Amino acid sequence: TGAVSLAGTVTLNSASSIGGTGALTLGGSVVGGANALTLVGSGTDQFNGTVTVGTLNVNKVAGGDVTLANNVTVSTALTTLANTFNIAFDGGSNSIAGATAFTNTGTVALVSGTNTSTFTGGVDTTGGPSTTSIGGTLNTTGTALRLGRTVLTADSLLNSSGGSITQAGAMTQAAGAGTATF
């Protein structure tokens with residue numbers, strides 16, 4: 001399919017799949033309540049509005065990168081397929097429920113700038129992503145925070161609220177990036 005661009009709010013009335021081979025740009029919010037949103041295909045997906053869903057399944061194929069440029073709220077779970085695509089959480093405040101294990105083999109940017117991402121059920125990037133980027137505050141709520149190879153892109157705070165923090169790969173700084181506080 002060709003490129004698709006939507007400016008208004010997208011409301012999910014049931015579990016829904018979107019994506020294809022062309023670029024998808026959603027300018028407005030995605031409102032799904034408890035419904036699942038599944039991202040498919042090889043096209044790039046750009047979400048410029050907020051995304052609020054029950055479950056977010058990122059089932060992209062190679063090259064199907066996903067950028068979530070605004071706040072993301074997932075009330076049940078986030079899953080990924082073990083394919084080569086990149087995921088970026090660029091919103092100011094992201095909240096993901098459920099134990100989240102990223103299995104995609106591209107990159108994952110969990111938080112950027114001075115933003116905050118909270119994975120209430122824990123987060124694990126040791127079993128997939130080639131690189132995990134962190135710049136800002138990364139929280140879990142008394143649950144495990146497990147990171148594979150990690151690049152700091154700005155001053156970063158990693159807070160597990162009493163849960164374990166495991167760094168399974170090298171942690172490096174991007175040029176001019178700040179420091180990590182645990």
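This is a predicted model: local features need pLDDT of at least 70, side-chain atom pairs count only at pLDDT 80 or more; totals for chains, interfaces and linings use all residues.

In which strand is the place of threonine 55? Threonine 55 belongs to strand E8, which covers residues 51-60.

I turn now to the protein as a whole. Its secondary structure consists of 22 strands and zero helices. The radius of gyration is 15 Å, close to the 16 Å that the globule rule gives for 182 residues, so the protein is as compact as a globular protein of that length. The C-alpha trace spans about 40 × 30 × 25 Å along the principal axes. Of the 182 residues, 45% are buried.

My last topic is strand E16, residues 131-140. Why is E16 described as largely enclosed by the rest of the structure? Ten of its ten residues are buried, and therefore the description applies.

Its pairings are as follows. Strand E14, residues 107-119, runs parallel to E16 and is joined to E16 by nine bridges; here alanine 109 stands opposite serine 133. With strand E18, residues 150-152, E16 pairs in the parallel sense over three bridges, and threonine 132 has threonine 150 as its bridge partner. Strand E19, residues 156-159, also pairs with E16 in the parallel sense, over three bridges; there leucine 158 is the bridge partner of leucine 138.

Methods: Residues are numbered from 1 along each chain as its sequence is written. Side-chain values use heavy atoms; hydrogens and water are left out. Helices (H or I, at least four residues) and strands (E, at least two) are DSSP runs, numbered from the N terminus. The radius of gyration is taken over C-alpha atoms; the globule rule is 2.2 Å times the number of residues to the power 0.38. Buried means under 20% relative accessible area, exposed over 50%, partly exposed in between (1.4 Å probe, protein chains only). Two strands pair if DSSP finds at least two bridges between them.
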